Amino acid sequence: MSININEELLRKTVRAVEKACGEDTINYLQEHHMETYNALPFLRGDFLNQNLRDFVVYNEIELIPFNRNGWSGRILHDKKDKKTYTVTTRRTLEAIPRKKGRTMPHYLQSILFVENGDCKAPVKQMSLSDYAEMGFVSFDAEELESDFVKIMQGMVGKDDEYRHYVIVYEVEHREVTDISLMFLDKDFDVIEEYSLNEYLKPDFGRLTEIEVIDENVHEEDKTQALVSVKSGIKPKLRVVEKKA
């Protein structure tokens, strides 16, 4: 059991993530000089979803919209290869199975249960039932399947034999430092992980990038910060061996 690689989709998705974390965020900060930037983490997600629409959607690739307590998310849907994809940070992914007190499943719990429920990682850490014994909320099959149906809105059925992949990234100082395609089982254990770092492009334009100021500095400090020039950049030129 191995990951099916759609290079065009993945390359475009990596570009969507890079632009959301870097160019889009930087442009927003430069155009909106405010005392605080509390909305920024949510804006990055909005930038990403718009980039998925602009860069990735084509022919057999579409976006599935869904809502969670006032938050709106998007799922990439590859109708030809029968795959769905979500994009998230590694920190968020690792926190999902450990969160206590859920009143409803996390959307990824429901998707993995239905689409990857018959898969099993070669190395098991803890099952969701193990987490439940530690006080974390567990949901039964009926709840997870019902939630899946609501999420997919008829665009993917629970018996359509799809697989779900998660594109996971890490970002530091508005630069994506690592990005991978992960194939997980229903317990969030890794069946296979494929590095997408080869699709990251060094941004040589950042050699003269206007330095983005800290959101907490005072107004008199902003002018000096805005005209500073970065001294250099260490391009990420990675060679990744592709799997068969």
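# Notebook: a walk through the predicted model

I began with Glu 62, whose side chain makes a polar contact with the side chain of His 77 at 2.7 Å. For a polar contact I took a pair of N or O atoms within 3.5 Å; within protein, one must be able to donate a hydrogen and the other to accept it, and residues adjacent in sequence count only if both atoms are side-chain atoms. This is a predicted model, in which local features need pLDDT of at least 70 and side-chain atom pairs count only at pLDDT 80 or more, while totals for chains, interfaces and linings use all residues. Residues are numbered from 1 along each chain as its sequence is written, and side-chain values use heavy atoms, with hydrogens and water left out.

**Entry 1: around Glu 62**

I placed Glu 62 in strand E1. Helices (H or I, at least four residues) and strands (E, at least two) are DSSP runs, numbered from the N terminus. Leaving out residues up to four places away in sequence, I found Glu 62 touching Val 57, Ile 75, Leu 76, His 77, Lys 79 and Met 155; contact here means heavy atoms within 4.5 Å.

**Entry 2: Thr 86**

Next I looked up Thr 86, which lies in strand E3. Thr 86 counts as buried, at 2% relative accessibility. My scale for this: buried is under 20% relative accessible area, exposed is over 50%, and partly exposed is in between (1.4 Å probe, protein chains only).

Which side chain does the side chain of Thr 86 meet in a polar contact? I found that of His 164, at 2.9 Å. Thr 86 and His 164 are 78 residues apart in sequence, yet their C-alpha atoms are 8.0 Å apart in space. Beyond four places in sequence, Thr 86 also touches other residues, including Ile 75, Tyr 107, Tyr 165 and Ile 167.

**Entry 3: aromatic pairs**

I searched the whole structure and got six aromatic pairs. Rings of Phe, Tyr and Trp (its six-membered ring) pair if their centres lie within 6.5 Å; planes under 30 degrees apart are stacked, over 60 edge-to-face, and the rest tilted.

Why is the pair of Trp 71 and Tyr 107 called stacked? The ring planes of Trp 71 and Tyr 107 stand at 20°, with the centres 5.9 Å apart, so the pair is stacked. Trp 71 is in strand E2 (residues 71-78) and Tyr 107 in helix H4 (residues 107-115), so the pair ties together parts 36 residues apart in sequence. Trp 71 is partly exposed at 38% relative accessible area, whereas Tyr 107 is buried at 10%.

I then turned to Tyr 85 and Tyr 165, an edge-to-face pair with 5.7 Å centre to centre and 70° between the planes. This pair links distant parts of the chain, with Tyr 85 in strand E3 (residues 83-89) and Tyr 165 in strand E4 (residues 163-172), 80 residues apart. Tyr 85 is buried at 2% relative accessibility, and Tyr 165 is buried at 2%.

I also noted that ring pairs join Phe 66, Trp 71 and Tyr 107 into a cluster.

**Entry 4: nonpolar cores**

Which residues touch the most other members of the largest nonpolar core? Among its 36 residues, I found Ile 179, Leu 181 and Leu 196. A nonpolar core is a set of buried Ala, Val, Leu, Ile, Met, Phe, Trp, Tyr and Cys residues joined through side-chain atoms within 4.5 Å. Among the elements that each supply at least two residues of this core are helix H1 (7-31), helix H2 (40-56) and strand E5 (175-184). H1 gives the most, with nine residues.

Beyond four places in sequence, Leu 196 is in contact with Leu 10, Val 14, Ile 167, Ile 179, Ser 180 and Leu 181. I also found a second, separate core of 20 residues, which includes Ile 64, Ile 75, Leu 93 and Tyr 107.

**Entry 5: salt bridges**

How many salt bridges does the structure hold? I got 13, taking a salt bridge as a side-chain nitrogen of Lys or Arg within 4 Å of a carboxyl oxygen of Asp or Glu.

Asp 24 bridges to Lys 19, with the closest N and O atoms 2.6 Å apart; Asp 24 and Lys 19 are both buried. Lys 124 bridges to Asp 187, at 2.8 Å between the closest N and O atoms. Lys 124 lies in the loop between H4 and helix H5 (128-133) and Asp 187 in the loop between E5 and E6, so the pair ties together parts 63 residues apart in sequence. Lys 124 is partly exposed at 31%, while Asp 187 is buried at 11%.
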